[in-house]
Amino acid sequence: MTTVAVIGAGAWGTAIAKLLCESGHEVSLWAYEPEVVDAVRRRRENVTFLPGVTLPPPLRVSSEIGEVVEGRALVVSATPSHVVREVITRAAPFLAAGTTIVSASKGVEEGTFKTMTDVIEEAVGPTLGLKVAALSGPSFAQEVARREPTAVTVAARDPQTAEWVQSIFAAPYFRVYTSLDLVGVQLGGAVKNIIAVAAGVSDGLGFGYNARAALITRGLAEMTRLAVKLGAEPLTLAGLSGLGDLVLTCTGDLSRNRTVGLRLGRGEPLEAVLGSMRAVAEGVKNTRSVNELAARLGVDMPITSQMFEVLYRGKAPRQAVTDLMSRTQKPEIY
């Protein structure tokens, strides 16, 4: 048994907490929303973010972050990426030396362009001897919570940390592979959300499977270009945290990012789409940060660039597709 804290009680954080608790670990869950804490305590259900899923009685929940993380051997960060720095900074004074923090958040921080594990290390500081890892892969929270077969990757700088986290997360329905490519695993998880918004736009415009397949394949190409530029191994992006997560998020009806794109393609304004969603669609914010990062590095990411124009400059989705298709002809591999 390992003592675990899960920071963030959205659908994914709640599903992780349930998985780990049912595997015999002592798990505490931090929720920002008081109504989530109340519902989990009274009904054993996160009716806001993961309705219809009964949570195990041993799972503890609190809105006091110190109470949740203090003395825990493993901390899982599962908040939206844009609040990771703020929340981990609040948690840092309560962390024990040698704590391992697993990032289950997917994104690139705006302004700094740092991955989530880099953000976590900066927020905690160097004095605790922190170990970090990143968990990513094709994993809808609802399906994990229903114990449906799922495979993901955990990445760390050293094999011992990756294998330790692997052993804690492994379950009969939850298979975990290890990787030493922290950069590649995290960038795959960030960029796939942007491509999923684009895939949703394509579907919303009424285009068919040809268009979706093209977006997935060319999305993988630009995801790989960016990751390799930042030192990732190309094969990582062909794995679960790259191609696997990309396919899931671009095609699955449970994908929040695809849903955003779908509604945009059907003509709804972005403000109305986001205003009607309680959960965060990471692809919207990450489009801006990844687009700027690509520009700074000189990496060609045409789908990301067009999605930035749609989301932040009011470009018509159909015109974005036209502009993508009419770009200068190129070799497929460049």
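Residues are numbered from 1 along each chain as its sequence is written, and side-chain values use heavy atoms, with hydrogens and water left out. Because the model is predicted, local features need pLDDT of at least 70 and side-chain atom pairs count only at pLDDT 80 or more, whereas totals for chains, interfaces and linings use all residues.

The protein chain contains 15 helices and eight strands, these elements being DSSP runs numbered from the N terminus, with helices (H or I) of at least four residues and strands (E) of at least two. The radius of gyration of the protein chain is 19 Å, which agrees with the value near 20 Å that a compact globule of 334 residues would have; this radius is taken over C-alpha atoms, and the globule rule is 2.2 Å times the number of residues to the power 0.38. Along its principal axes, the C-alpha trace spans about 55 × 40 × 35 Å. Among contacts between residues at least 6 apart in sequence, 70% join residues at least 24 apart, a contact being defined by heavy atoms within 4.5 Å.

Charged groups were examined next. The mean positions of the 34 positive and 33 negative charges of the protein chain are 3 Å apart, with Lys and Arg counted as positive, Asp and Glu as negative, and His and the chain ends not counted; each charge is placed at NZ of Lys, CZ of Arg, CG of Asp or CD of Glu. Side chains of opposite charge can pair when their charged atoms come close. A search of the whole structure finds 25 salt bridges, each being a side-chain nitrogen of Lys or Arg within 4 Å of a carboxyl oxygen of Asp or Glu.

One of these pairs is formed by Arg-72 and Glu-26, whose closest N and O atoms are 3.1 Å apart. This pair links distant parts of the chain, with Arg-72 in the loop between α3 (65–69) and β4 (74–77) and Glu-26 in strand β2 (residues 26–30), 46 residues apart. Arg-72 counts as buried at 7% relative accessibility, whereas Glu-26 is partly exposed, with a relative accessible area of 31%.

A salt bridge also joins the side chains of Arg-327 and Asp-300, at an N to O distance of 3.1 Å. Here, too, distant parts of the chain are linked, since Arg-327 belongs to the segment after α15 (317–325) and Asp-300 to the loop between α13 (282–297) and α14 (302–313), 27 residues apart. Arg-327 is partly exposed, with a relative accessible area of 29%, and Asp-300 counts as partly exposed at 26% relative accessibility.

In a further salt bridge, the closest N and O atoms of Lys-315 and Asp-323 are 2.5 Å apart, and Asp-323 is partly exposed, with a relative accessible area of 23%. Arg-85, Glu-109, Lys-114 and Glu-122, in turn, are linked in a network of salt bridges.

Backbone geometry was also considered. Most residues other than glycine have a negative phi, and most peptide bonds are trans. Phe-113, although not a glycine, has a positive phi of about 60 degrees; Phe-113 is located in the loop between β5 (100–103) and α5 (116–124) and is buried, with a relative accessible area of 13%. For Arg-44, phi is likewise positive, near 55 degrees. Arg-44 lies in the loop between α2 (34–43) and β3 (60–62) and counts as buried at 18% relative accessibility.

The loop between α2 and β3 also holds Pro-56, which counts as buried at 12% relative accessibility. Leaving aside neighbours within four places in sequence, Pro-56 is in contact with Lys-18, Cys-21, Glu-22 and Arg-44. The C-alpha atoms of Pro-56 and Cys-21, 35 residues apart along the chain, are separated by 7.1 Å.

Arg-266, by contrast, is exposed, with a relative accessible area of 59%, and is found in the loop between α11 (256–265) and α12 (270–275). The C-alpha atoms of Arg-266 and Gly-200 are separated by 9.6 Å, although the two residues are 66 residues apart along the chain.

Definitions and conventions
Buried means under 20% relative accessible area, exposed over 50%, partly exposed in between (1.4 Å probe, protein chains only).
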